[in-house]
Amino acid sequence: NNDFLDMYRPKPDDLVGKAWLHIPSLGRLLIQVRQPRNMAVLAALLVILLLAPRKMTRHPANRRGKRSSGQGVSVMSHPGEIKEAALLMLAVTLVAALALAILSFSRPLTRSVPVEHTYTHAGGFSYTAEAPDGIYDNGRARTGDPIFRSVTTIVRINFDYQFRTAEPNDIGGSYTLGAEVSDNNGWRRAVELHPEQSFQGTAFTTTGVLDLEKLQALIDQFEEQANLSRQEYKVTITPQVKVSGRLGGQLLQEDFAPILVFRLNDQQLQLAQSDSAPLQPSEPGTLQSIDTKPNTVALLGLKFDVGSARRIALLGLGISMLGIAWFGVGIVKALQGNEVGRIDLKYKPLLVMITESSIDHNGKVIDVATIEDLVRLAERLGTVMLHSVQDDVHQYVVHEHNIAYRYCVTAAGLAASPAGTHVNDAWQERFLEALRSDGRIARACAAADVWLDTAKQARARSPEFARAWDDALASAQRSPKG
């Protein structure tokens with residue numbers, strides 16, 4: 001980046017290092033990513049990923065849907081993770097579809113593209129003149145030869161025309177062939193060699209007769225009237241071609257008028273020298289038109305036509321909105337009729353699913369009245385709520401030292417009534433006595449005159465009753481069968 005030229009040029013041997021990775025077209029992708037609209041889409045997707053409530057990863061040792069926490073708590077894979085993943089994908093789809101919809105619907109379906117229809121007027125001059133044997137090869141003068149006026153006075157002028165193009169066309173027009181004699185001071189007289197004639201197509205050939213005696217008569221009349229004498233005159237052959245029709249569906253009107261110049265003196269008619277190719281004149285041309293093409297939209301390096309982009313955007317919006325609405329209906333139902341669903345939905349980041357055997361019942365258990373009380377306690381302690389399910393009763397527990405704060409909800413979504421920590425109900429005594437003697441839970445419920453669900457809920461609420469239950473079962477198993 002100097003303001004002067006270096007005195008040397010580095011060679012490959014002067015460079016230290018080697019290429020070790022080549023990714024084709026990565027530079028183009030990076031350029032597309034750096035576009036403002038693409039950066040906005042990526043930023044929105046990044047925000048969605050960062051705001052995801054939890055990582056949807058699987059622990060390598062998770063073979064049975066369980067994994068160990070740092071504190072020895074067995075944590076179960078939460079069934080809501082699948083819903084979270086689906087909801088996250090729907091949100092990403094919604095953002096991408098919305099971005100694509102904004103880009104596609106802000107642009108017209110078609111765009112006007114300038115189109116150039118190229119063509120070329122191509123001509124070809126030639127001439128011949130009859131002469132006695134011995135003057136020219138084959139007994140006549142041909143294109144490029146001088147015409148000696150002492151041996152011939154008639155020159156046949158030929159002109160070939162072609163309209164060259166690769167575009168579809170419908171071309172026609174008209175043409176004339178004429179000659180003009182002039183001097184260097186501006187005097188000129190025109191002579192018609194071929195009258196106007198129409199043609200159809202892209203090519204024609206015309207022939208005219210140049211009579212040198214008639215030209216000389218015009219010159220003599222001019223010199224006599226002007227009292228002048230010139231050594232040399234100029235003879236110009238001029239075809240006038242008018243082209244009209246349609247080229248590439250567009251209207252075309254063009255004129256093509258090349259010239260072929262001769263020098264005329266008393267002895268000969270000779271082709272004038274020229275830097276160009278006077279015998280093969282050509283003139284290129286371009287016809288501008290406007291074509292309508294499908295408009296395109298670019299997103300993250302991909303290009304779509306606007307129509308397809310709109311359809312994709314609408315499809316993505318429809319699928320994502322229907323999916324989100326489906327989740328919304330489930331959320332409303334959970335909020336309206338099920339306490340377990342409401343807790344899971346509202347306080348999911350605070351919940352850790354565990355097995356019942358992981359709860360320590362050795363300390364004091366205090367039942368709280370509402371889940372909100374337990375949440376406030378968990379937030380104050382800066383900890384999570386342990387969630388377990390046993391015998392159709394959901395139990396939420398927060399530990400503080402040797403105290404377990406608990407809230408219980410039945411599987412039906414009804415809050416379970418707080419219970420004491422002692423076996424103090426008469427039916428429980430009858431139930432345990434029958435369970436010790438028989439070892440069958442159903443018969444013990446019948447003996448205590450309680451429903452099985454009632455017994456299970458009491459077991460879930462009271463650790464002491466749960467231990468007595470287990471002891472009764474163990475006692476029944478040790479007793480000899482009658």
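Strands are DSSP runs of E, at least two residues long, and are numbered from the N terminus. In this predicted model, Gly-123 belongs to one such run, strand 3. Gly-123 is buried, since its relative accessible area is 7% and the cut-off for burial is under 20%. Residues that Gly-123 contacts, apart from neighbours within four places in sequence, are Phe-159, Asp-160, Phe-256, Leu-279, Gln-280 and Pro-281. One of these, Phe-159, is 36 residues away from Gly-123 along the chain, yet the C-alpha atoms of the two are separated by 6.9 Å.

Strand 3 covers residues 110–130 and is joined to strand 14 (residues 282–294) by 13 bridges, the two strands running antiparallel. Within this pairing, Leu-287 of strand 14 stands opposite His-117. Strand 3 also pairs with strand 6 (residues 154–164), again in the antiparallel sense, over 9 bridges. Here Phe-125 faces Phe-159 of strand 6 as its opposite residue; Phe-159 is also among the contacts of Gly-123. A further antiparallel pairing links strand 3 to strand 4 (residues 140–141) over 2 bridges. Glu-130 has Arg-140 of strand 4 as its bridge partner. In general, strands of a sheet pair through backbone hydrogen bonds, either parallel or antiparallel.

With residues up to four places away in sequence left out, Ser-182 touches Trp-187, Arg-188, Tyr-233 and Lys-234.

Strand 19 (residues 385–390) pairs with strand 20 (residues 393–400) in the antiparallel sense, over 5 bridges. In this pairing, Ser-388 is bridged to Gln-395 of strand 20.

Two helix pairs were examined next. Two packed helices are described by the angle between their axes and the distance between the axes. Helix 8 (residues 426–438) packs with helix 9 (residues 441–448) at an angle of about 140 degrees, the axes being 8 Å apart. Helix 8 and helix 9 are therefore oblique to each other, because an angle over 145 degrees would be needed to count as roughly antiparallel. Their crossing is right-handed. On the helix 8 side the contact involves Trp-427, Arg-430, Phe-431, Ala-434, Leu-435 and Asp-438, which meet Ile-441, Arg-443, Ala-444, Cys-445, Ala-447 and Ala-448 of helix 9. By class, these residues comprise 9 nonpolar, no polar and 3 charged.

For helix 10 (residues 452–461) and helix 11 (residues 463–478), the axes come within 5 Å and cross at roughly 115 degrees. Helix 10 contributes Ala-455, Lys-456, Ala-458, Arg-459 and Arg-461 to the contact, and helix 11 contributes Pro-463, Phe-465, Ala-466, Trp-469 and Asp-470. The contact of helix 10 with helix 11 divides into 6 nonpolar, no polar and 4 charged residues.

Conventions. Residues numbered from 1 in each chain as written. Predicted model: local features only at pLDDT ≥ 70, side-chain atom pairs only at ≥ 80, totals over all residues. Heavy atoms only, no water. Axes fitted to C-alpha atoms, helices over the stretch in contact; angles between N-to-C directions. Helix = DSSP H or I, 4+ residues; strand = E, 2+ residues; numbered from the N terminus. Parallel < 35°, antiparallel > 145°, perpendicular 65-115°, else oblique. Left-handed = near helix turned anticlockwise from the far one by under 90°. Contact = heavy atoms within 4.5 Å. Nonpolar A, V, L, I, M, F, W, Y, C, P; charged D, E, K, R; others polar. Pairing = 2+ DSSP bridges. Buried < 20%, exposed > 50% of the residue type's maximum accessible area, 1.4 Å probe, protein only.
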